[in-house]
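Work through the exercises below with the sequence and the structure open. Try each task before reading its solution.

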Amino acid sequence: MQMVYWLGVALEGFLFPGYNITTVGGLVATCLGLAALAVLYEAMKVSQIHLQQIVVRPIPRTTSASSESSSLLSRMAPKNFRMYTRCGSCSRWTLQMLHWSFHTILGYILMMAVMTYNAYISIALVIGACIGYFIFGPTLVQLNMHTFHCKQAIVECDKNCEDTVSNEQRRESAVSIVAEQLVTEASIEVHVPRNA
């Protein structure tokens, strides 16, 4: 196996034993197939998010903090987190698991194809990934932003929680005032001319 990029047609035992590429037509067909797999890999990122939205129920964020010393993790996820991530039927969870497995296997196959160090195959994979991202990238970004906005929720606080939040806001404002002073001082140091 070569450890530097090379331009050639002959690939013996490409990914699987017995899959030998000996002609230009065979190399072109392999490159087109790998480019299509790279597009599929990008498409599967979008479908994974859709499956997660179907399978995983939203976690209610209406828990209240008991004191300032309570951990951040316990306020973010309730103790019975597993109950909220279970699917209504196991078939949806199995579908998501199989999808994730196929996506991971496909990623490893594409990685192994790049590790042949054949320049034609690497170029085909990059072109396929670019086409896939051109097609599915905006949808992927939009779904990620939607998921991010859905995770934001209003938390109902009791008296201890309100005290904790107000103390944290005071600390943040004090830190921001100090940071602004440091930035101002740094700007003054930069703009003040030196006396020689």
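Helices (H or I, at least four residues) and strands (E, at least two) are DSSP runs, numbered from the N terminus. This is a predicted model, in which local features need pLDDT of at least 70, side-chain atom pairs count only at pLDDT 80 or more, and totals for chains, interfaces and linings use all residues. Residues are numbered from 1 along each chain as its sequence is written, and side-chain values use heavy atoms, with hydrogens and water left out.

**Exercise 1.** State how many helices and strands the protein has, and give their pattern along the sequence.

Solution. Step 1: the protein contains six helices and zero strands. Step 2: along the sequence this reads α-α-α-α-α-α.

**Exercise 2.** Locate glutamate 42, decide whether glutamate 42 is buried or exposed, and list its contacts.

Solution. Step 1: glutamate 42 lies in helix H1, residues 24-55. Step 2: buried means under 20% relative accessible area, exposed over 50%, and partly exposed in between (1.4 Å probe, protein chains only). Glutamate 42 has 11% relative accessibility, so it counts as buried. Step 3: contact means heavy atoms within 4.5 Å. Apart from neighbours within four places in sequence, glutamate 42 touches Ala129, Gly132, Tyr133 and Phe136.

**Exercise 3.** Do the corresponding steps for threonine 116.

Solution. Step 1: threonine 116 sits in the loop between helix H4 (90-114) and helix H5 (119-151). Step 2: threonine 116 is buried because its relative accessibility is 16%. Step 3: with neighbours within four places in sequence left aside, threonine 116 contacts Gln2, Trp6, Phe14 and Ile121.
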